[in-house]
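Let's take a walk through this protein, one region at a time. Keep the viewer open and turn the model as you read.

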Amino acid sequence: MPPRKRTVAEAASTPVSNSTGGSSRRRSNRISLSGKKSTYFEDGGDDELDEELPPRKAAKTQVKARKSRREESLDELQYTDEEEDGSAGDGDDGFVEKEESDDDDGSESEEVQPVVKKRGRGRPSKGQAGATPVKKINGKSRASDTPKAKPKVKTMAKAKSRSGEDEDDDDEDNRITFIPAIQLRGTDGVDYEDTRIHRNTLLFLKDLRANNERAWLKENDGEYRRSLKDWESFVETLTEKIIEVDDTIPELPLKDVIFRIYRDIRFSKDPTPYKPHYSAAWSRTGRKGPYACYYVHAEPGRCMVGGGLWHPDNDALARLRASIDERPHRIRRVLMNPTFRKTFLPHARANEKSVLSAFAAANQENALKTKPKGFNPEHRDIELLKLRNYTIGKKLDDKDLLAEDAQDRIMSVISAMVEFVTFINSVVMPDPNIDSDSDEADGGEEGQEGDSGGDDGSDGV
């Protein structure tokens, strides 16, 4: 077992013996494996520390003292090595020449082996950290880390080549490419007029349909601006004539009447960004709103004039169906108008069944496959009740818009549908000041006559 350590009180009470020349010294009780006596505790410089400090602190202080003495010895060793190196490097020139002559004679020179220094514990001193290791070869001292001077010719050449490349890149960046502007089409001696569409406008729309891309439209921006101005002036003069035949249409700015050429492709399968046509709609609230409208469409090969109610909301659709169910004579009277039938239903025969079938066939897009909810499937006007759009239209030739009397031809079509548009608006958005009792009374008699003279002979529901 190891010897028991004394406490602080026992160390203080034990008298100090001065048998060795007045210096206190402790003896080690450890048994060494070798026959040599241990001198670990026979150092006379730490006696005062042993008397003043407890045993644990005294041992730590002795370790620190040994470390400091070891560092001092390493510093002295390094200092002596540096002096030797300096003395060897400062020798006479004759001695160096002699060694060189010996080498020339073929005698082998003895190489001085570098002194290998042991690394001490702790941080190196300032002098040791900043010193550069020196190697001795044939009595000459050379710094191992001395950088060699590099030739500057190659560096200058590389710098010149790099500067030349940078100048070339700058020239390419600053180079201006001139793209010739696309010339506008000639007018062929025909001036632009407000009462008709110019031929170049339809040609632009034809080219747009073939090149429906943003880059192409940007290149042909001049042609686009000219055609749009032609369409706006045409619509502006046409609005005045529409107001003359239907006084419910107010004077609205062009932006509320003309549809934009840009398409909304967020939820569409067609990725083309533009509409290849010009169009406009006139109603009590312009191109938007719950009212039935007049519509003009300008597109090469697909020009048309139409009107009615397109994709109405559920409330408006419910009012239309209720009117057809409760007072069918009103819509029958409008559809059987000779001017209306001749303009929009030219292939229908002059009877209600043929006219109603032709009108229903023209609005089969988005129509219901079965009867609407709450109606009898055997209803006499079930085909009208299935509809979800109540529109009419007439196709025009391109030459009709290019003619001098283009607006007169369009107004002849619009005038034929004024009664139809007025009827739909009276059902969907009735005016509060209009009383329709007289119409109902007159319509009742007409309805009875129509029922008695019907081709199918079926009773209304």
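Two strands count as paired if DSSP finds at least two bridges between them. The elements themselves are DSSP runs numbered from the N terminus, with helices being H or I runs of at least four residues and strands being E runs of at least two. One caution before we start: this is a predicted model, so local features need pLDDT of at least 70 and side-chain atom pairs count only at pLDDT 80 or more, while totals for chains, interfaces and linings use all residues. Residues are numbered from 1 along each chain as its sequence is written, and side-chain values use heavy atoms, with hydrogens and water left out.

Start at β3, residues 278–282. Its partner is β4 (residues 293–298), joined to β3 by 5 bridges, and the two run antiparallel. To find your place in the pairing, look for A281, which sits opposite Y295 in β4. How many residues of β3 are buried? The count is 5 of 5, where buried means under 20% relative accessible area, exposed means over 50% and partly exposed is in between, using a 1.4 Å probe and protein chains only. Y278, A280 and W282 point one way from the strand, while S279 and A281 point the other way. Residues on both sides are buried.

Now step back to E251, in the loop between α9 (221–245) and β3. E251 counts as exposed because its relative accessibility is 72%. In sequence E251 is 31 residues from W282, yet their C-alpha atoms are 9.5 Å apart in space.

Next, look at R321 in helix α10 (residues 314–326). R321 is buried but has no salt bridge, meaning a side-chain nitrogen of Lys or Arg within 4 Å of a carboxyl oxygen of Asp or Glu. The nearest side chain of opposite charge is D325, 10 Å away; here Lys and Arg count as positive and Asp and Glu as negative, with His and the chain ends not counted. What R321 does have is a polar side-chain atom 3.0 Å from the backbone oxygen of L385. Beyond its neighbours within four places in sequence, R321 is in contact (heavy atoms within 4.5 Å) with residues including L368, P372, F375, L385 and Y390.

On to the aromatics. The structure holds 9 aromatic pairs, counted when the ring centres of Phe, Tyr and Trp (its six-membered ring) lie within 6.5 Å; planes under 30 degrees apart are stacked, over 60 edge-to-face and the rest tilted. One of the pairs is F359 with F420, an edge-to-face pair at 5.9 Å centre to centre and 70° between the planes. That pair links distant parts of the chain, with F359 in helix α13 (residues 352–362) and F420 in helix α17, 61 residues apart. F359 counts as buried because its relative accessible area is 1%, and F420 is buried with 1% as well. Helix α17 (residues 418–428) is itself mostly covered, with 8 of its 11 residues buried, among them V421, I424 and V428.

D188, in the loop between α6 (152–174) and α7 (199–210), has a positive phi of about 55° although it is not a glycine. D188 counts as exposed, at 65% relative accessibility. H311 also has a positive phi without being glycine, near 50°, and lies in the loop between β5 (304–309) and α10. With a relative accessible area of 43%, H311 is partly exposed.

Note on methods
Polar contact = N/O pair within 3.5 Å; in protein donor to acceptor, adjacent residues only side chain to side chain.
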